[in-house]
Amino acid sequence: VCRTMPTSVLKAAAAAGKVELITRPDDEGEQAPSRDWVLSHLPGVSGAVICLSEHVDAEFLDAAGPSLKVVSTMSVGYDHIDLALVKSRGIRVGNTPGVLDDAVAELCLLLALMVTRQVPVALRTVQEGRWPSFPWTPTCFMGPSMAGKTIGFLGFGNISQSLANLLVPFKPKRLVYTTSRPRKFDAADGYFGSLVRGGFPVEGIAVENVDKMQLAEVADVVFVLVDLNPTTKHIVDKEFLAAMKTSAYVVNASRGGTVDTAALAEALRTNSIAGAGLDVIEGEPDIQASHPLLAPDCRDKVALLPHIGSGTTETRQAMADMTMNNVLGALGLRDEHGKEAVMDAEL
Ligand code: 8YV
């Protein structure tokens, strides 16, 4: 168990019987384990409970040896797992879809509001004691309303759909999306509402499947919510950013690699787009204060958060439960068909 898990989760695992848990030393708190710690504790384990920081590759699998039956990640994303390799060795993979959609959607909305309403620079003004010399003016810290805008979704999976529902009260003008996996409501500019997972009936807001570059051209806010794979790497690149309106914003809560950071910094510096809300960034967590997006010519247009998208108390508990259940299910220690046991992520 490579990360600190709630006591309830560890107890549930112990209660399943026949389980010996290898957990992190208490004095290392919640820090990511070193690669050495992971590799040295893998030999002989039946299941590995991991997070994004644990790369599952040949070295990882070789260290574990033939005893390893299941790898369970406390994340919906699995780009840190060489899925083809793991499966070729007959090892099962579990992830945590479904339980974090609403939490990540909430954070996307928060990022969009932060960056449109200039919250990063407004907060810094107060925190640095500059409010007294920055008196209110009719135009200070002004930004566009989210209401009535055209919203673009790169990817339209569960998180995008949850976010689309959150945006309904803002009465969007249009909702446009692009995805490599066609949705069943594509038929004739289908209507929103009950067609969206968990949605409530709202008439009159069309959800349109459009080409990626068309989306770039029309969207006032682009939400990037695709999983990272070779086809989505730098899906937001120089060309995409150049096609966006100068008044438009990009919000990324997927993986840092979906947005070309250098191109984004350049687009912000040259006012080719208006701003960016980011929960993820290429190279995270090694982001220093000297990062180009935090430099004086960029930072006022950027809300950058340290990958906290799924971080509601309820969601993290549900993710931890599901992560452990996936291990226990694969090892035959709990009913695999229970509603929380989701196994075998597919590419
Ligand atoms: C998690 C995430 O915070 O689920 C994912 O794929 O990126 C985040 O929700 C992270 O994975 C924790 O491991």
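# Briefing on a predicted single-chain model

The accessible surface of the chain comes to about 16,600 Å², and 55% of that surface belongs to carbon and sulfur atoms. The structure is a predicted model, and its chain of 347 residues has 45% of them buried. Its secondary structure amounts to 11 helices and 10 strands. Among the contacts that join residues at least 6 apart in sequence, 66% link residues that are at least 24 apart.

**The largest nonpolar core**

- The largest nonpolar core holds 43 residues, and the members that touch the most other members are I151, F153, L163, L167, F223 and L225.
- At least two residues of this core are supplied by each of the helices α1 (7–15), α5 (101–116), α7 (158–167) and α11 (313–330), and the strands β4 (150–154), β5 (174–178), β7 (221–224) and β8 (249–252) likewise supply at least two each.
- The largest share of this core comes from α5, which contributes nine residues.
- Both domains take part, since the core draws at least three residues from domain 1 (7–99 + 311–330) and at least three from domain 2 (101–304).
- Leaving out residues up to four places away in sequence, I151 touches M146, L167, P172, R174, L175, V176, A219, V221 and F223.

- L241 lies in helix α9, and because its relative accessibility is 1%, below the 20% limit, L241 counts as buried.
- Not counting residues up to four places away in sequence, L241 touches V236, A263, L264, A267, S272 and I273.
- L241 and A216 are 25 residues apart in sequence, while their C-alpha atoms are 7.3 Å apart in space.

**The sheet of β1, β2 and β3**

- Three strands form an open sheet in the order β1-β2-β3, and their pairing is parallel.
- Because β1 (47–50) and β3 (92–94) stand at the edges and each has a single partner strand, one side of each is left without a neighbour in the sheet.
- Neighbouring strands of this sheet are turned against each other by 15 degrees on average, when direction is ignored.
- The parallel pairing of β1 with β2 (residues 70–73) extends over four bridges, and within β2 the residue V71 stands opposite A48.
- Helix α11 lies across β1, β2 and β3, and it runs at about 165 degrees to β2.

**The strands β4 and β5**

- β4 and β5 pair in the parallel sense over five bridges, and V176 in β5 has G152 standing opposite.
- Four of the five residues of β5 are buried, so this strand is largely enclosed by the rest of the structure.

**Helix α10 and the residue T261**

- T261 has its place in helix α10 (residues 261–269), and with a relative accessible area of 11%, under the 20% limit, T261 is buried.
- When neighbours within four places in sequence are left aside, T261 is in contact with I281, E282, H291 and L293.

**Backbone details in the loops**

- The peptide bond from E284 to P285 is cis, with omega near 5 degrees, and P285 lies in the loop between β9 (275–278) and β10 (302–304).
- H234 is found in the loop between β7 and α9 (238–243), and its phi is near 55 degrees, a positive value in a residue other than glycine.
- Because its relative accessibility is 23%, which falls between the limits of 20% and 50%, H234 counts as partly exposed.
- H307 is found in the loop between β10 and α11, and H307 has a positive phi of about 55 degrees although it is not a glycine.
- At 26% relative accessibility, H307 counts as partly exposed.

Note on methods. Residues numbered from 1 in each chain as written. Predicted model: local features only at pLDDT ≥ 70, side-chain atom pairs only at ≥ 80, totals over all residues. Heavy atoms only, no water. Core = buried A, V, L, I, M, F, W, Y, C linked by side-chain atoms within 4.5 Å. Buried < 20%, exposed > 50% of the residue type's maximum accessible area, 1.4 Å probe, protein only. Domains from an automatic or database assignment. Contact = heavy atoms within 4.5 Å. Pairing = 2+ DSSP bridges. Axes fitted to C-alpha atoms, helices over the stretch in contact; angles between N-to-C directions. Areas by Shrake-Rupley, 256 points an atom, 1.4 Å probe, with all protein chains shown as cover.
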